[in-house]
Amino acid sequence: MPLQSKPLPAETADALYQATGLRARAVPMCTVHPGESSKDTCAVEAESEADVIAVLAYARERGLTVLPYGSGRHLAYGPPAEVPDIALTLRPMNRVTSFSPGDLVVSAEPGITLAELAAVLSEKGLMLPYDPPAPADATLGGLLSAGLSGPRRALYGSLRDLAISLRVALADGRVIRTGAKVVKNVAGYDMTKLFIGACGTLGVVTEITLKLRPLPMHRETVLVRGSAASLAELRSRIAQSTLVPSRLEMVWGADSGTDFVLAVDCDEPKRSAKAQTDAIRAMSRDLGLAMDVVEGEDADAWWADLAQRLAERRICIRLQGPPTSLLAAMPRAVEGASALAEPAESVTISAGGLTGVARVAFHPARAIFDRPAPLGALADLAAGASLDMVVERAPAEVRAKHQPTLAPAALALMQRLKQTFDPDHRLSPGRFWGGM
C-alpha cells in the first residue's frame with residue numbers, strides 16, 4: 001500500500017476552514033520570521049482557547065504538525081527546525097483574563113506583549129519584574145516558551161519563579177492546569193516549570209498566571225566605569241555587603257572604549273536607594289573608579305536601551321557559570337565577538353554579576369558563515385573558562401553548526417517527557433534540543 005503524502009498548505013488551509021470555520025491561508029514560512037524557510041505553511045490565527053483545541057484536533061485527526069507562536073520573534077532561538085504543516089499564531093489571544101491587585105496576581109493570554117501587560121498593571125501601581133532582552137512586540141507566551149530571563153532575575157528571579165500557574169492544551173485534546181492561581185501553593189508536583197523553556201514542544205499554553213510586585217517608588221541606577229578586573233572587585237564587595245541590588249550587570253559596548261560599566265540598580269524607596277548609592281560611591285572611591293548616577297525615567301531609559309541593543313543583534317550568545325569566572329572572561333569575550341562582528345561596533349555584552357548569566361550580542365560578518373564553526377572563538381572561550389554556552393539567537397546556518405551536546409541521561413529524560421505529552425511529535429517539531 002503506497003504511503004499517503006501530506007496535503008499541500010493551500011489544501012490544508014481550505015480543509016481547515018471547512019472543518020473549523022477558522023480562516024487560514026498558505027504563506028511562506030519566512031513571512032512568519034525572516035530567518036525561516038521559504039517553503040509554504042498553513043497559517044491560522046487563534047482568538048481563543050477553543051480555537052487552539054479545534055486546530056489541534058484537526059491536526060491530530062490528519063497527522064499534521066503544528067507550530068504555536070506569538071509574534072514570531074523567538075523562532076530564531078534553538079535549533080533549525082522543519083517547516084510545520086500548520087503555523088498557529090496566538091497573537092490575537094492578548095487579553096488579561098483575571099486581575100487581583102490585592103493578591104498581587106494577574107492571569108493573561110499568551111499573545112499579550114509585555115508592554116500591553118505593563119499598561120494594565122501600572123494603572124494599579126504594579127509591575128511584572130521581568131526584563132528580558134527582547135523586542136517590544138515579543139509576546140508573553142513566546143518569552144515563556146523560550147525561557148528567557150533578564151537582569152532583574154538578580155532580585156526577583158526568572159519567569160520560572162514568577163509564573164505560578166498555566167493552562168495548557170495538550171496534543172491529545174486535553175486541557176490541563178498546572179499550579180494554582182494563588183501565590184502560596186505547595187501541593188503536588190510543580191508542573192508549571194515543565195512547560196517554561198520547552199519551545200512549545202509539550203503543549204500549547206493558553207493562559208499564564210503571574211506574581212506581581214509594586215512599582216518602585218524611586219528609580220536609581222549607579223554606573224561605575226573601569227577595567228573588568230576592578231569592576232569584578234567592586235562586584236565582589238557589593239555581593240558580600242548587605243546591599244540589595246535589583247540588577248547588577250557588567251556591560252560593554254562600542255561607546256565604552258576600553259572600559260566596562262558596572263550598572264547597579266535599586267528598587268528601594270528613595271532614602272534606601274540613596275544609602276545604597278552612597279555605599280557604592282565609597283567602595284568605588286576606594287578602588288579609584290569613576291561613578292555616575294541616573295534616576296527616574298533616565299534610569300529606565302538606560303536599561304531599556306541595553307535590552308534593545310541585545311535584542312536587535314542577529315546573533316546572541318548566552319554564557320553561564322559562576323559570576324566570578326563569568327566576569328573574568330568578559331575581556332576575552334569582547335575580543336572574540338569583535339573579531340566575528342561586522343561592524344565591530346555592533347558588539348554589546350551584558351554579564352550578570354549575581355545571576356551568572358551573560359549575553360554576547362552582535363551582527364555577524366559575512367565571512368564567518370563559511371566556517372565549519374562560525375562561533376568557534378567564543379566556544380573555545382567558554383570551554384576554557386568552564387562556562388556553558390548556548391546560541392540563543394542566530395541565523396539558521398549558524399545555529400545548525402553549534403548545537404549543544406546533551407548528557408545522555410538528560411537527553412533520555414527529555415525524550416521520555418516528549419513521548420508522554422506528545423507521542424506523535426506533532427507540536428513544534430524539531431524546535432527543541434536533540435531534534436525534539
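User: Which strand does Thr41 lie in?

Analyst: Thr41 lies in strand S2, residues 40-45. Keep in mind that this is a predicted model.

User: Why is Thr41 called buried?

Analyst: Its relative accessible area is 0%. Buried means under 20%. Thr41 is therefore buried.

User: Which residues does Thr41 touch?

Analyst: Leave out residues up to four places away in sequence. Then Thr41 touches Pro9, Arg25, Ala26, Val27, Met29, Val83, Pro84, Asp85, Ile86 and Ala87.

User: Why is strand S14 described as largely enclosed?

Analyst: S14 covers residues 260-266, and seven of its seven residues are buried. So the rest of the structure largely encloses the strand.

User: How do you know that both faces of S14 are covered?

Analyst: Look at each side in turn. Phe260, Leu262, Val264 and Cys266 are buried on one side. Val261, Ala263 and Asp265 are buried on the other.

User: What makes S12 and S14 a pair of strands?

Analyst: Pairing takes at least two bridges. Seven bridges join S12, residues 220-226, to S14, so the two strands pair. They run antiparallel. Thr221 stands opposite Asp265 in S14.

User: How do you know that S13 pairs with S14?

Analyst: Apply the rule of at least two bridges. S13, residues 247-252, and S14 have five bridges, so they pair, in the antiparallel sense. Here Val251 stands opposite Val261 in S14.

User: Why are Arg91 and Glu116 called a salt bridge?

Analyst: Their side chains meet at 2.9 Å, N to O. The limit is 4 Å. The distance is within it, so this is a salt bridge.

User: What does the pair of Arg91 and Glu116 tie together?

Analyst: Arg91 lies in the loop between strands S4 (86-89) and S5 (96-100). Glu116 lies in helix H3, residues 114-122. So the pair ties together parts that are 25 residues apart in sequence.

User: What makes Arg177 and Glu207 a salt bridge?

Analyst: Their N to O distance is 2.8 Å. That is within 4 Å, so the pair qualifies. Arg177 is in strand S9 and Glu207 in strand S10, 30 residues apart. Arg177 is partly exposed at 35%, whereas Glu207 is buried at 8%.

User: How many salt bridges are found in the whole structure, and which residues are linked in a network?

Analyst: The search finds 24 salt bridges. A network of them links Asp131, Arg152, Arg219, Arg247, Asp265, Asp267 and Asp300.

Conventions. Residues numbered from 1 in each chain as written. Predicted model: local features only at pLDDT ≥ 70, side-chain atom pairs only at ≥ 80, totals over all residues. Heavy atoms only, no water. Buried < 20%, exposed > 50% of the residue type's maximum accessible area, 1.4 Å probe, protein only. Helix = DSSP H or I, 4+ residues; strand = E, 2+ residues; numbered from the N terminus. Contact = heavy atoms within 4.5 Å.
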